[in-house]
Amino acid sequence: MAQTSMTLPKAKEPSNLKNWLGVSPFFLFAIMFILFPSLYLVEGSFFNQEGQFTLQNYVLLLQTPAIVNAYKLSIQISAATAIGGGIFGFLLAYSITVGGLPRQLRSALITFSGVASNFAGVPLAFAFIATLGRRGFVTLLLKDNLNIDLYQAGFDLYTFWGLTAIYMFFQFPLMVLVMVPALDGLKREWREAAENLGASYFQYWTRVAMPILLPSILGSMILLFGNAFGAYATAYALTGGRLGIITIQIGAQIRGDVLHNPGLGYAMAMGMVIIMAISLVGYSWLQKVSERWLR
Amino acid sequence: MASKGLRKVVAMSDTSFDISVDQGEPDKKTRSLLRIGGRFWSWVWFILGAIYFLVPLFATLRHSLRMERDVLGFKAYERAFEDPSFLETFLLSNALAVATILCSTLLIVPTAYWIRLRLPQARRIAEFITLLPFVIPAIILVFGLIRTYSTHFTIPFTDIELFQPLTTTKFGTYALITAGYMVLAMPYMYRSVDTGMRVVDIRTLTEAAQSLGAGWFTIITQVILPNVRSALLSGALLTFAIVVGEVTLASFLGVDAFGPYLFLIGQHKAYEPAALSFVTFLMTWFAMGMIQFVTGGQGQATGAH
């Protein structure tokens, strides 16, 4: 925000127009490849197959069990991995910042988090098939040595729990990356002040550090939620489209109008955009709240 | 480190503040015990995290080395690299990544520069635009792109036709997918470059260059670009990591890139996909390691899935 206060020579009206001309290629690009494609989906969602304006698509959206279930499954997986990945990622970020681990481990973990949070899609799915698939490394290891049969116990890589385990691989590293700066922002003086007033370490965390960090933690979890909610390639590579999460359903609709109603497909896409937009608004709000103390 | 901090606090409370002195010794002792307990848990979380990271990679590597019965060897890698489709798709993906990076640079560097220098009132809207790709995931983006550009292009809600469908020609499809990748990479590229410009004070640099008689082209290519080099490079490497393995846009637009190829061989073969997955992982690691290297550990390192 500080940079907006940069003193600028006040541009006069005609040259102001010229200034806007300078950024026109960028805005033109945004209009062509973000705005228009989005508007086309909006437009499509409000028309029926006869080309008449209708709200029917949105009504159908909420009445089609397959679609409602797909949203539900997507939200469940995203929420589970956002909360699980968020908590575990926070603990990891804690351990390398204020937790007292050696400094070399910190940079190793941050680099690795950068890699893991970008290692998604097809290769990630293959990696987990080799790990937790029916003949995967860990599956066989547990079976042969500890006599634990994961698949007998009800685990299946190609279901909710499997996908959750896979998403965690890119979820908690992302949490590490966003939480490390926040934890670094905790000022030493706060801890010292608390301790000088006789607070225990536990009291310091529950009464001082946590209230400061909480907006940032929740905001990051929302970011993780959106991250999982929009993921398509990993789930597709894993199940070939059998697991009915919303992105897979939309994919099937793009490939061949499986709903036999294009308008309904567009409405389905819009539903996703709306959920993503809500989570982004929540994230930015919490980010703003947390900036009061951190940074 | 924790005990050193504690000692400092203790020393401080003994000399300047007397508040905690009468708390007595036992409290200090439990406090430092708690710290040590905290460090124990730190190790536990770290080791758990390391296991979660490393086991899938180890399993992939192990699987990829076991193509021949009872021996470990690089057979799967040989087979995978031998396939002419591998090289074709891999080169195409790399070419698309380079095109995306070049076009993004051309579009974003002058824009970010101009907004910082002359048009601060456009800042909010530009930031808003760069956030949009987070709201519109790849699957929705490609849905919109197909609906918009696979038919005769008209302005939304009207019948005014602007141009022919892009997806009917190979070049048109490549242009379209590059534009799509530019959208996916935009948040990272724009933010990276914008942060880079905030650090180097482009205003002074511009004035200095102008006073020496440089034109706009010279200023951007000779003064601004070299100064945001590391920011740009880290954005570019992240873009590279995103584009090379990308599946969603490529498969729906029918581009024979590396991502769809990897998916395809995953359906038919057992060991080669593991080998190529491991190679992909090494490439991602290389890109991220380079980002750490060029930015001195300050680089932003998250992408889209």
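Let me start with one residue. Setting aside neighbours within four places in sequence, A:Ser95 is in contact with A:Leu101, B:Ser42, B:Trp45 and B:Phe46. Keep in mind that this is a predicted model.

Where does A:Ser95 sit? In helix 4 of chain A, residues 65-97. Is A:Ser95 buried or exposed? It is buried: 27 other C-beta atoms lie within 10 Å, and the cut-off for buried is 20 or more. One more distance here. A:Ser95 and A:Val180 are 85 residues apart in sequence, yet their C-alpha atoms are 9.9 Å apart in space.

Now the contact between the chains. Chain A puts in 80 residues and chain B puts in 84. On the chain A side, helix 2, residues 24-45, gives the largest share, with 14 residues. What is that side made of, by class? It has 51 nonpolar residues, 26 polar and 3 charged.

Next, the largest nonpolar core. It holds 167 residues. Which members touch the most others? A:Ala93, B:Val142 and B:Val193. Helix 8 of chain A, residues 160-184, supplies the largest share of this core, 16 residues. In chain B, domain 1 (23-64) and domain 2 (76-295) both give residues to the core, so the core lies between them.

Take B:Val193 from that list. Again leaving out neighbours within four places in sequence, its contacts are B:Ile108, B:Val109, B:Ala112, B:Val228, B:Ala231, B:Leu232 and B:Gly235.

Chain B as a whole, quickly. It has 13 helices and 2 strands. Of its 305 residues, 42% count as buried. Look at the chain B contacts with a separation of 6 or more: 72% of them join residues 24 or more positions apart.

Last, a backbone point. Most residues other than glycine have a negative phi. B:Asp201 has a positive one, near 55°, and it is not a glycine. Where is B:Asp201? In the loop between helix 7 (170-200) and helix 8 (202-211) of chain B.

To recap: A:Ser95 is buried and touches chain B at B:Ser42, B:Trp45 and B:Phe46. B:Val193 is among the core members that touch the most others. B:Asp201 carries the positive phi.

Terms used. Residues numbered from 1 in each chain as written. Chains lettered and ligands numbered in written order. Predicted model: local features only at pLDDT ≥ 70, side-chain atom pairs only at ≥ 80, totals over all residues. Helix = DSSP H or I, 4+ residues; strand = E, 2+ residues; numbered from the N terminus. Buried ≥ 20, exposed ≤ 12 C-beta atoms within 10 Å, placed from the backbone. Contact = placed C-beta atoms within 7 Å. Core = buried A, V, L, I, M, F, W, Y, C linked by C-beta atoms within 7 Å. Domains from an automatic or database assignment. Nonpolar A, V, L, I, M, F, W, Y, C, P; charged D, E, K, R; others polar.
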